[in-house]
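Please read the points below alongside the sequence and the model. They move from the whole chain to single residues.

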Amino acid sequence: MIGKGKSISHTRASMSYGWNQEKDAEIVLKEFLHGDSPAEITKEFKMLQDQNHNCTKNTLSFILSPTIDDGRKLDKSKLEDITKWFIHEMKLGERQAIAFVHRDKEHKHIHLYVNRIDFRGVAYNDSFIGKRSQLAAEKVAEQMGLTTVKQVQFEKEFNLKEIRTEIKRRHDLTMKHLKPKSFDAYVKAMETNGVKVIPTINKQNNLQGFRFEFDGHNLKGSEVHRNMSIGNIGKQMGHLEGIKSLKNNTVGVALAGNTVGLAPKLALKLTKFMIKKTIQQGLSY
């Protein structure tokens, strides 16, 4: 579960969003309040806020967002428990508060509004409120057996590592068995192995890299593996077919039926490599 928090001054506008019936909003918590509309609740907040003229951002706005899977299991009672636990962890004490659940998207989430001014006219200390909201949401998730941000992050990193490994494995198979001799052939060969290779072409119409799309992930070559930058892919092919000179002494390659330039640094890197390889082959005879 993710928690976000901040102090705001636009109480009525923000609360109107929380109460938006188009988002299938439902009140899950109401503390020390009687009003039945954003305007009425704002007036009740203001009665206490008028006791403290030094505080301008006098309403606390929070969003509590369980994971999609957890959200499916949470009924109104559980959502109320989450909100109460969060208020307790944030040490908000006895304050006017109202919370709504939004169900307009698959991702169920809670909007919580708390009067920053208490019944004595004292303002709640909102220092580092964003970070404290995250930590409080983590504690609530742990107490209620919900998925925490740390768990989600770990799963993402674990899954991403597997994706990287699989893309690299298919790259290695492509280079070993299909032996492409041009970038265009490499793109087609990788597609045969189930990986979509997307050329990155800049405004100068120069090819400067590849992105790899696989199983819902889209990664730069260098993010997959250091040997999968476009320069290193060119080196692995040994020599490149389809290279030709363009005007202004630039170098071009055929790609998907079109000729695009190579970024200057990339062209220089590959040219040096091919010259060096040619010399080595000549010396070996």
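1. Basis. This is a predicted model, in which local features need pLDDT of at least 70 and side-chain atom pairs count only at pLDDT 80 or more, while totals for chains, interfaces and linings use all residues. Residues are numbered from 1 along each chain as its sequence is written, and side-chain values use heavy atoms, with hydrogens and water left out.

2. Overall make-up. The chain has ten helices and eleven strands; these are DSSP runs numbered from the N terminus, helices being H or I with at least four residues and strands E with at least two. Of its 285 residues, 42% are buried. Here buried means under 20% relative accessible area, exposed over 50%, and partly exposed in between, with a 1.4 Å probe and protein chains only. Taking contacts between residues at least 6 apart in sequence, 64% join residues at least 24 apart; a contact means heavy atoms within 4.5 Å.

3. Nonpolar cores. A nonpolar core is a set of buried Ala, Val, Leu, Ile, Met, Phe, Trp, Tyr and Cys residues joined through side-chain atoms within 4.5 Å. The largest one has 26 residues, and F62, I82, F86, M90, L92 and L112 have the most contacts inside it. At least two residues of this core come from each of β2, β3, α4 (76–89), β4, β5 and α5 (129–143). The element that gives the most is α5, with five residues. Another core lies apart from it and has 21 residues, including I163, V195, L207 and V224.

4. L92. Which residues does L92 touch, leaving aside its neighbours within four places in sequence? The contacts of L92 are L60, F62, I87, V114 and Y124.

5. Helix α2. This helix (residues 38–49) has twelve residues, and the distance from its first C-alpha to its last is 16 Å, close to the 16 Å expected at 1.5 Å a residue. The expected span is 1.5 Å times one less than the number of residues. Its buried residues are P38, I41, T42, E44, F45, L48 and Q49. They lie on the same side of α2 because they cover an arc of only 160° around the axis, the arc being that of the directions from the helix axis to the C-beta atoms. An α-helix has 3.6 residues a turn, so residues three or four places apart point the same way. The exposed residues K43 and M47 are on the face of α2 turned away from its buried side. The buried residues of α2 pack against α1, β2, β3 (59–65), β4 and β5.

6. N115 lies in strand β5 (residues 109–115) and is buried, with a relative accessible area of 0%. A polar atom of the N115 side chain lies 3.1 Å from the backbone oxygen of F45. Beyond its neighbours within four places in sequence, N115 is in contact with F45, L48, Q49, N58, R95 and Q96.

7. Helix α5. The 15 residues of α5 should span 21 Å at 1.5 Å a residue, and its end C-alpha atoms are 21 Å apart, which agrees. Buried in α5 are I129, S133, A136, A137, E138, V140 and A141. The cover over these buried residues includes β1 (2–8), β3, α4 and α6 (149–178). Just after α5, G145 takes a positive phi of about 70°.

8. Aromatic pairs. The structure holds six aromatic pairs. Rings of Phe, Tyr and Trp (its six-membered ring) pair if their centres lie within 6.5 Å; planes under 30 degrees apart count as stacked, over 60 as edge-to-face and the rest as tilted. W19 and F100 form a tilted pair, 5.1 Å centre to centre with 50° between the planes. This pair links distant parts of the chain, 81 residues apart: W19 is in the loop between α1 (11–18) and β2 (26–31), and F100 is in strand β4 (residues 97–102). W19 counts as buried at 14% relative accessibility, and F100 is buried at 1%. Ring pairs link W19, F100 and Y113 into a cluster.

9. Positive phi outside glycine. Phi of K91 is near 55°, a positive value in a residue other than glycine. K91 is in the loop between α4 and β4 and counts as exposed, at 69% relative accessibility. N205 is not a glycine either, and has a positive phi of about 60°. N205 is in the loop between β6 (196–201) and β7 (206–214) and is partly exposed, with a relative accessible area of 41%.

Technical notes
Polar contact = N/O pair within 3.5 Å; in protein donor to acceptor, adjacent residues only side chain to side chain.
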